[in-house]
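Please keep the sequence and the coordinates at hand.

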Amino acid sequence: MMAKLFRAVIMGPPGSGKGTISERIAQSFGLKHLSSGDFLRENIAANTEAGVLAKTYIERGLMVPDHVMTRLLLPRLEEMTRHSWLMDGFPCTLAQAKALNSTCDLDLVISLNIPYETLKDRLSDRWIHPASGRVYNMGFNPPHVQGRDDLSGEPLIQHDNDQPEALVARLRHYKDVAKPVIDLYKSKGILHMFSGTETDRIWPYINSLLSTKIPSRPETDTQHIPLP
Ligand SMILES: Nc1nc2c(ncn2[C@@H]2O[C@H](COP(=O)(O)OP(=O)(O)O)[C@@H](O)[C@H]2O)c(=O)[nH]1
Ligand SMILES: Nc1ccn([C@@H]2O[C@H](COP(=O)(O)OP(=O)(O)O)[C@@H](O)[C@H]2O)c(=O)n1
């Protein structure tokens, strides 16, 4: 008999640690980490219709419209009927949350509440390996060799919209659109909010919450492993 599948979402403003914490969750619990930001970047790189459209928004530090996000992500989720997953960065708006709701039942939503100054400091120091989505921070988790991805040795890049000029508008917008989504998940009784300035201090709380919901399952390759 197949064990119950587990579906979770992690929400938070840019720089709140969604990607970092998602990787830890994927590694500890064997969930597949689905990153909306990575899907967007893959589509941009592949010049798909949705990718070309999304690019015009991301370049300006704006959110991609709901219909583009749902067109991009819902089909991916529909392919994952036999997998447990953790979605990072989607839904961002109430319309996206309603669209997701019509596709699947979520078990849990994690919302990260991180002060603005912390977000600004982290993002100005965020470096990314575009091919894998691996994220570094020059203070928190620097690469072994400066400017190079640990596994591939390829160059790291910074996103233009992580710089302070674009960031203020991104954060303000996030606050406005996320509030009704947070309220919705609160009313469903599945929202868990975590506040703080350090991922390492938040992580034990998330870890123990998830330990009560899903069996711990350390794996080295978590990318394609569903729960049993
Ligand atoms: N200094 C510091 N940096 C962190 C911490 N947690 C995550 N980061 C870094 O902050 C940046 C944003 O984290 P990320 O997981 O990409 O956030 P996301 O935008 O919500 O997905 C990355 O460069 C991370 O390496 C932390 O506790 N302290
Ligand atoms: N639901 C979403 C997710 C991402 N995005 C866009 O995609 C960009 C990159 O996504 P990301 O998850 O890597 O962004 P961060 O929150 O890590 O900065 C965001 O800055 C938004 O412009 C969006 O518009 N709507």
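How many residues surround ligand 1, and which are the closest? In this predicted model, ligand 1 is surrounded by 17 residues, and the closest are Gly15, Thr20, Arg126, Tyr136 and Thr199. Helix 1 (18-29) and strand 6 (134-137) each contribute at least two residues to this shell. By residue class, the shell around ligand 1 comprises 5 nonpolar, 8 polar and 4 charged residues.

The polar contacts of ligand 1 involve both backbone and side-chain atoms. An oxygen atom of ligand 1 lies 2.9 Å from a backbone N or O atom of Gly19, and a backbone N or O atom of Tyr136 is 2.8 Å from an oxygen atom of the ligand. Arg126 takes part through its side chain, with a polar atom 2.7 Å from an oxygen atom of ligand 1. Of the 580 Å² of accessible area that ligand 1 has on its own, the protein covers 90%.

Ligand 2 is likewise surrounded by 17 residues, the closest being Leu62, Val64, Gly89, Arg126 and Arg170. Helix 2 (residues 36-45) provides the largest share of this shell, 4 residues. The shell around ligand 2 divides into 8 nonpolar, 5 polar and 4 charged residues.

Side chains supply the following contacts to ligand 2. A side-chain N or O atom of Arg170 lies 2.5 Å from an oxygen atom of ligand 2. For Arg126, the distance from a polar side-chain atom to an oxygen atom of ligand 2 is 2.8 Å, and for Lys18 the corresponding value is 3.2 Å. The protein covers 89% of the 510 Å² of accessible area that ligand 2 has on its own.

How values were computed:
Residues are numbered from 1 along each chain as its sequence is written. Chains are lettered from A and ligands numbered from 1 in the order in which they are written. This is a predicted model: local features need pLDDT of at least 70, side-chain atom pairs count only at pLDDT 80 or more; totals for chains, interfaces and linings use all residues. Side-chain values use heavy atoms; hydrogens and water are left out. A residue is near a molecule or strand if one of its heavy atoms lies within 4 Å of it. A polar contact is a pair of N or O atoms within 3.5 Å; within protein, one must be able to donate a hydrogen and the other to accept it, and residues adjacent in sequence count only if both atoms are side-chain atoms. Accessible areas come from the Shrake-Rupley method with a 1.4 Å probe; for residues, only the protein chains shown count as cover. Ala, Val, Leu, Ile, Met, Phe, Trp, Tyr, Cys and Pro count as nonpolar, Asp, Glu, Lys and Arg as charged, and the others, Gly among them, as polar.
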